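Subject: Structure handed over, with notes on what was found

Dear colleague,

I am passing on the structure we spoke of, with the sequence alongside. Could you open it next to this message and read the notes below against it?

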Amino acid sequence: MNLLKLIFSILFLALSITNQAQTTNDSKFALGLSTGYNRGFGVQLHATALQPLESLPIQLRFSIGYTKLDPGNAADARRIFINNATNGVPKKKGKAFDYRLDFLWPSNFLNIEESYWAIGPRYSSFTANFKYVGGNEDFDVTSKQFGVGLGAESRFKISTKLNLVAAVGLDYFFNNTLHGHDTSYSPDDDNVNPRNDNQNNNVLFTYEDADESIKQPNFMPRLLLGVIYKL
């Protein structure tokens, strides 16, 4: 909640500064809000530089997003990161904050006046929470990942300043270390305090096991609908 307040404060400040500094009728910047499917329900705030380079028809956009995600298998997560206990009623929840930079260039793929391709780097901060009511277990599994994304979007004029935007895309995040309790599993299996698999001759769990149990961002399809306000 504090992060969302900070985001809105920054956007409000940017809007105030831009309105004071603008000396022409041409919009140079835009603020937007989108919501929809991002492998779960997601919300994104974005700021776009509409004309960063006079010589090229490219737009530059920075976005911050929040998505509610399926965190994974609660029973497996407990065995791999905590212990082999089975008592308690499991509850789970997952979330991810993502930060993205997009380069957009015009396209006529839908024969719509304003259509764009988008591509750029991504960064995700993911948290899966598992709680066992009556079992005295409540722990997080976290990961931080870089990624890349590709998408397409179209904008439909509502008024001179306001546009409706529809966007589709696919992000891919690279595997990274999963941290939980006092245990971590890394893609190269340089693991810290890995647990024993009591269902498989007590061999140590591996990163592959942890990655299968925890649904950290990997392929993230997106289908979003929102608005853009040109400043």
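What follows is a set of notes on charged pairs, surface patches, a helix, a few contacts and some backbone angles.

Please keep in mind throughout that this is a predicted model.

Salt bridges

A search of the whole structure finds 14 salt bridges.

The side chain of Arg 155 meets that of Glu 114 in a salt bridge, with 3.8 Å from N to O. Because Arg 155 belongs to strand β6 (residues 137-157) and Glu 114 to strand β5 (residues 114-133), the pair ties together parts that are 41 residues apart in sequence. Arg 155 and Glu 114 are both buried. Arg 155 also forms a salt bridge with Glu 153, where the closest N and O atoms are 3.1 Å apart, and Glu 153 is buried, as is Arg 155.

A further salt bridge joins the side chains of Asp 171 and Arg 222, at 3.3 Å from N to O. This pair links distant parts of the chain, with Asp 171 in strand β7 (residues 162-173) and Arg 222 in strand β12, 51 residues apart. Asp 171 has a relative accessible area of 1% and is therefore buried, and Arg 222, with a relative accessible area of 10%, is buried as well.

Surface patches

Which residues form the nonpolar patch on the surface? They are Leu 33, Phe 156, Ile 158, Leu 164, Leu 225 and Val 227, and together they have about 490 Å² of accessible area. Leu 225, one of these residues, is found in strand β12, which covers residues 219-230, and at 48% relative accessibility Leu 225 counts as partly exposed.

There is also a positive surface patch, formed by Lys 91, Lys 93, Lys 95 and Lys 131. Strand β4 (residues 89-106) gives the most to this positive patch, with 3 residues. Lys 95 lies in strand β4 and is partly exposed, its relative accessible area being 35%.

Helix α2

Is helix α2 largely enclosed by the rest of the structure, or largely open? Of its 8 residues (residues 74-81), 6 are buried, so α2 is largely enclosed by the rest of the structure. The buried residues are Ala 74, Ala 77, Arg 78, Arg 79, Ile 80 and Phe 81. The N-terminal end of α2 is capped by Asn 73, which has a side-chain oxygen 3.1 Å from the backbone nitrogen of Ala 75.

Ser 27 lies in the loop between α1 (2-21) and β1 (29-37), and with a relative accessible area of 14% Ser 27 is buried. The side chain of Ser 27 makes a polar contact with the side chain of Lys 161, at 3.3 Å, while the backbone oxygen of Leu 231 lies 3.0 Å from a polar atom of the Ser 27 side chain.

Val 168 lies in strand β7, and a relative accessible area of 43% makes Val 168 partly exposed. The C-alpha atoms of Val 168 and Leu 224 are separated by 6.4 Å, although the two residues are 56 residues apart along the chain.

Backbone angles

Most residues other than glycine have a negative phi. His 181 is not a glycine, yet has a positive phi of about 60°; the place of His 181 is in the loop between β8 (178-180) and β9 (183-185), and with a relative accessible area of 57% His 181 is exposed. Asp 189, likewise not a glycine, also has a positive phi of about 60°. Asp 189 lies in the loop between β9 and β10 (196-197), and at 40% relative accessibility Asp 189 counts as partly exposed.

With best regards

Note on methods. Residues are numbered from 1 along each chain as its sequence is written. This is a predicted model: local features need pLDDT of at least 70, side-chain atom pairs count only at pLDDT 80 or more; totals for chains, interfaces and linings use all residues. Side-chain values use heavy atoms; hydrogens and water are left out. Patches are made of residues with over 30% relative accessible area and no salt bridge: like charges are joined within 9 Å, nonpolar side chains (Val, Leu, Ile, Met, Phe, Trp, Tyr) within 5 Å. Accessible areas come from the Shrake-Rupley method with a 1.4 Å probe; for residues, only the protein chains shown count as cover. A salt bridge is a side-chain nitrogen of Lys or Arg within 4 Å of a carboxyl oxygen of Asp or Glu. Helices (H or I, at least four residues) and strands (E, at least two) are DSSP runs, numbered from the N terminus. Buried means under 20% relative accessible area, exposed over 50%, partly exposed in between (1.4 Å probe, protein chains only). Lys and Arg count as positive and Asp and Glu as negative; His and the chain ends are not counted. The place of a charge is taken as NZ of Lys, CZ of Arg, CG of Asp or CD of Glu. A polar contact is a pair of N or O atoms within 3.5 Å; within protein, one must be able to donate a hydrogen and the other to accept it, and residues adjacent in sequence count only if both atoms are side-chain atoms.
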